[in-house]
Amino acid sequence: MQEFLMFENPLWPRLLQLLGYNPAEPLTLTTGFFLVAFMLFGLGYSLVKGRARLRTLYVVLVSLYFYYKLSGVYILLLLFVAISDYLIGRCVGRRREKGSGTAWFVALSVVINVAILVYFKATNFFVDVVNNLYGSGTLDIESVVVPAGVSFFVFQSIAYVVDIARGTIAPLRRFGDYLFLLSFFPKMFLGPLVKAKDFIPQIEAEKVVVTREDFGRAISLIVGGLVKYAIIAKAVGTLFVSPAFAGELGDSGLVALVAIYGFTLQIYCDFSGYSDIAQGVALIMGFRLPDNFDAPYHSATITEFWRRWHISLSTWLRDYLYISLGGNRKGRFRTYLNLVITMFLGGLWHGVGMTFILWGLLHGVALALHKVWLSVVPKAKALGAEMKPLWRVLGTLLTFHIVAFGWLLFTAEDMGVVESMLSRIAYNFSFGDFGAMVESSWVALLLMVVGYLMHLTSRNFDEALRRVVVRIGVVGQWLLVVAVIWLVMQSNLMLEASTGVAGGLPMYAAF
């Protein structure tokens with residue numbers, strides 16, 4: 001017993017390593033460590049969920065620990081942003097009460113937060129440009145690592161200060177409540193962004209309530225999210241999309257085109273699956289996060305696409321950037337220009353590089369051209385639901401391919417990859433390659449078909465799944481979760497066996 005308690009025991013270093021930050025194994029909502037940690041967290045949460053202040057303190061401490069497990073020392077950056085904008089928000093609130101101007105304080109918040117984004121997102125790009133122009137080694141600066149989730153908590157923090165300045169919300173009195181808003185762990189990884197006016201009342205509520213319907217919906221969100229994120233997205237990406245983009249599957253134009261379609265599905269399953277998991281985890285705790293995806297590839301116009309894709313981000317861009325630039329209030333030309341600027345900056349938010357710039361410009365120009373079309377053709381419809389069936393089908397096909405081309409820009413390492421993929425499609429396309437492609441990649445192609453079918457029937461599928469999960473009761477729900485976790489583990493083992501690289505950390509690997 002004494003030897004077991006001594007730190008020389010080999011168990012202790014492994015335990016300390018497991019509990020500490022490991023950049024090779026960052027925490028996500030789908031790792032085995034999070035699964036076990038969340039279960040342990042739930043035991044304590046059940047004791048404090050009925051007491052608002054104690055609940056807030058408990059969740060904040062766990063959220064900060066999870067962020068440390070995700071990003072290590074960058075937890076200090078999260079705390080800096082939280083302290084900075086909490087204090088700025090208090091100043092803005094006091095000045096509003098006195099009828100004084102708030103612009104300088106809002107500008108201070110924006111400058112601080114944008115400077116953080118620019119440093120982490122643009123430094124590597126700037127160094128590469130200088131070294132390419134003036135010779136390698138001109139700027140001998142180590143590569144800057146982008147902290148996980150930095151874009152989300154920075155955008156969340158800016159929105160909080162702006163909302164106070166606009167009078168949408170009052171500044172939070174307790175710093176712990178603001179830290180809860182900023183760091184709430186289900187949304188810290190990939191969002192969704194939440195509106196402070198909708199989320200703050202949930203933080204301040206004396207009690208949180210989780211109904212039988214809520215719990216069933218939460219389980220269905222987690223199960224569906226795991227299938228999309230941890231099975232379909234990872235397998236399609238690992239087995240087909242990545243090797244196809246790298247030229248490892250040959251130079252067939254058919255393979256290149258299917259790879260673009262594959263990434264179009266992969267990025268949807270990746271983001272929407274993770275958002276579903278986040279929603280489900282939050283709902284189990286009694287907190288409601290907004291829907292973030294609404295079958296975006298059903299869209300028949302580019303405007304409709306951006307009302308269905310990453311809804312919390314597109315809403316943020318509209319409310320805090322597009323409207324701040326003037327929106328549609330200053331004439332048609334300014335409206336078109338504001339759309340292009342908004343999406344251009346949205347591209348830079350994802351990453352600083354030519355491919356992201358062109359991706360943003362593509363969507364900005366497409367949105368502006370759609371506005372022009374609506375003004376030239378009075379009977380044209382902004383949303384596909386308002387169209388006649390034939391026009392809706394044609395519009396959906398056109399919008400899908402515009403978006404898919406955008407995803408080619410989004411995922412390509414550089415313009416050389418874009419040129420190579422398009423060249424293969426244009427000059428080396430043959431349906432005769434279909435058999436060889438299926439033979440070498442049938443698992444990934446089958447999962448692509450399953451993924452697109454799930455998306456095609458998403459609303460009916462989601463509702464049917466929710467009803468079934470609610471009906472089977474708590475025991476059946478946990479058995480369903482265990483079964484899906486087993487499928488994720490098998491998928492990861494299959495990917496590791498096929499490629500030598502795990503498609504994601506197996507649920508048991510943390511131990």
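The model is predicted, so local features need pLDDT of at least 70, side-chain atom pairs count only at pLDDT 80 or more, and totals for chains, interfaces and linings use all residues. Residues are numbered from 1 along each chain as its sequence is written, and side-chain values use heavy atoms, with hydrogens and water left out. A search of the whole structure finds three cavities of 30 Å³ or more. The largest pocket holds about 740 Å³ of space.

**Cavities**

- Rolling a probe the size of a water molecule over the atoms shows where empty space is left.
- On a 1 Å grid over the protein atoms alone, a cavity is a set of points where a 1.4 Å probe fits but cannot get out; a pocket is an open set with protein on both sides within 12 Å along at least five of seven lines; lining residues have an atom within 4 Å of a point.
- Grid points are joined across faces, edges and corners, and a volume is the space filled by probe spheres set on the points.
- The second largest cavity contains about 80 Å³ of space.
- Its lining includes Leu78, Gly149, Phe152, Phe153 and Gln156. Leu182, Ser183, Lys187, Met188, Pro192 and Leu193 also line this cavity.
- Helix H7 (150-166), helix H8 (175-183) and helix H9 (185-188) are the elements that give two or more residues to this lining. Helices (H or I, at least four residues) and strands (E, at least two) are DSSP runs, numbered from the N terminus.
- H7 gives the most, with three residues.
- By class, the lining of this cavity has seven nonpolar, three polar and one charged residues. Ala, Val, Leu, Ile, Met, Phe, Trp, Tyr, Cys and Pro count as nonpolar; Asp, Glu, Lys and Arg count as charged; the others, Gly among them, count as polar.

**Largest pocket**

- About 740 Å³ of space lies in this pocket. Of the 25 residues that line it, Lys121, Phe152, Leu190, Phe271 and His350 are the closest to its centre.
- Helix H6 (103-134), H7, H12 and helix H15 (332-350) each give two or more residues to the lining.
- The lining has 16 nonpolar, seven polar and two charged residues.

**Cysteines**

- The whole structure has zero disulfides (pairs of cysteine sulfur atoms within 2.5 Å).
- Cys269 counts as buried because its relative accessibility is 1%. Buried means under 20% relative accessible area, exposed over 50%, and partly exposed in between (1.4 Å probe, protein chains only).
- Cys91 is at 23%, so it counts as partly exposed.

**Gly216**

- Gly216 lies in helix H11 (residues 212-245). At 0% relative accessibility, Gly216 is buried.
- Not counting residues up to four places away in sequence, Gly216 touches Val469, Val470 and Gln477. Contact means heavy atoms within 4.5 Å.
- Gly216 and Arg459 are 243 residues apart along the chain, and their C-alpha atoms are separated by 16 Å.

**Loop residues**

- Thr301 lies in the loop between helix H12 (253-284) and helix H13 (302-308). Thr301 is buried, at 5% relative accessibility.
- A polar atom of the Thr301 side chain lies 3.0 Å from the backbone nitrogen of Glu304.
- Ala295 also lies in the loop between H12 and H13. Its phi is positive, about 40 degrees, although Ala295 is not a glycine. Ala295 is buried, with a relative accessible area of 4%.
- His310 sits in the loop between H13 and helix H14 (311-322). Phi of His310 is positive, near 40 degrees, in a residue other than glycine. His310 counts as buried at 4% relative accessibility.

Conventions. A polar contact is a pair of N or O atoms within 3.5 Å; within protein, one must be able to donate a hydrogen and the other to accept it, and residues adjacent in sequence count only if both atoms are side-chain atoms.
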